[in-house]
Amino acid sequence: MAQDFEDAPAGVSLLRLSAGGGLEAHAPGRPLPPVELWRPPFCGDIGLRIARDGSWSQHGAPILRPALVRLFSTILRRDGERHLLVTPVESVSVEVEDAPFVAVAMRVLDEDGAPAIEFTTNVGDRARAGPDHPIRFEKDARDGLKPYVLVRGALEALVARSLVPELVALAETRRAGGEESFGVVSDGAFFKIASAAEVAAIEAAD
């Protein structure tokens, strides 16, 4: 795999090898590469890292070209706890600090009177939360509530902190899993943030 990505000419293959003569920059609307079907040999670690804010670097040097970051994002795959850049003939590891993507925008769609929350990531992917794109919520001692939405495959986007209040404002209380729960509804699915009892305890403490 090419080592000096920033020096690679735009619009040409950035990989040493490929079954079809090279992977070109991904064009909007073009089908994504079938990375889940590829089983190439593992070629090691070349210093790629995705920071918590979604920025990419190699050996500590930032990768600043948006088209290049977008290209890499389309050949990214998660296998268990490991993230990989994958081509038909080779794969390399990618260190991911938190999630590989960041949801930087959201909007609420009205689907015949039912809400659907659509997220847009820092690399241009769109994910409409629902059964195929669930939202999960983690509680972090440092960062507070951290929502994640499944984008594709096993790859998630961390919802940007600036969007969390807007997302929580959409929450409602309903009975789910045998208890009253506080969560958000999108595309017919309910995603629990906390139990109603937990929310009541927090409000009482305030």
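**View A. Strand β14 and its burial.** Strand β14, spanning residues 179–186, is mostly covered, with six of its eight residues buried, where buried means under 20% relative accessible area for a 1.4 Å probe and protein chains only. Strands are DSSP runs of E with at least two residues, numbered from the N terminus. The model is predicted, so that local features need pLDDT of at least 70 and side-chain atom pairs count only at pLDDT 80 or more, while totals for chains, interfaces and linings use all residues. Residues are numbered from 1 along each chain as its sequence is written, and side-chain values use heavy atoms, with hydrogens and water left out.

View B. Strand β13 (residues 172–176) runs antiparallel to β14 and is joined to it by five bridges, pairing being assigned if DSSP finds at least two bridges between two strands. R174 has S181 of β14 as its bridge partner, and in the hairpin, which has two residues between the strands, G177 takes a positive phi near 65°.

**View C. The hairpin of β14 and β15.** Six bridges pair β14 with β15 (residues 189–195) in the antiparallel sense, and S186 stands opposite A189 in β15. Two residues lie between these strands, and D187 in the turn has a positive phi of about 55°.

**View D. The lining of the largest pocket.** The lining of the largest pocket divides into six nonpolar, three polar and ten charged residues; nonpolar covers Ala, Val, Leu, Ile, Met, Phe, Trp, Tyr, Cys and Pro, charged covers Asp, Glu, Lys and Arg, and the others, Gly among them, count as polar.

Conventions: Buried means under 20% relative accessible area, exposed over 50%, partly exposed in between (1.4 Å probe, protein chains only). Helices (H or I, at least four residues) and strands (E, at least two) are DSSP runs, numbered from the N terminus.
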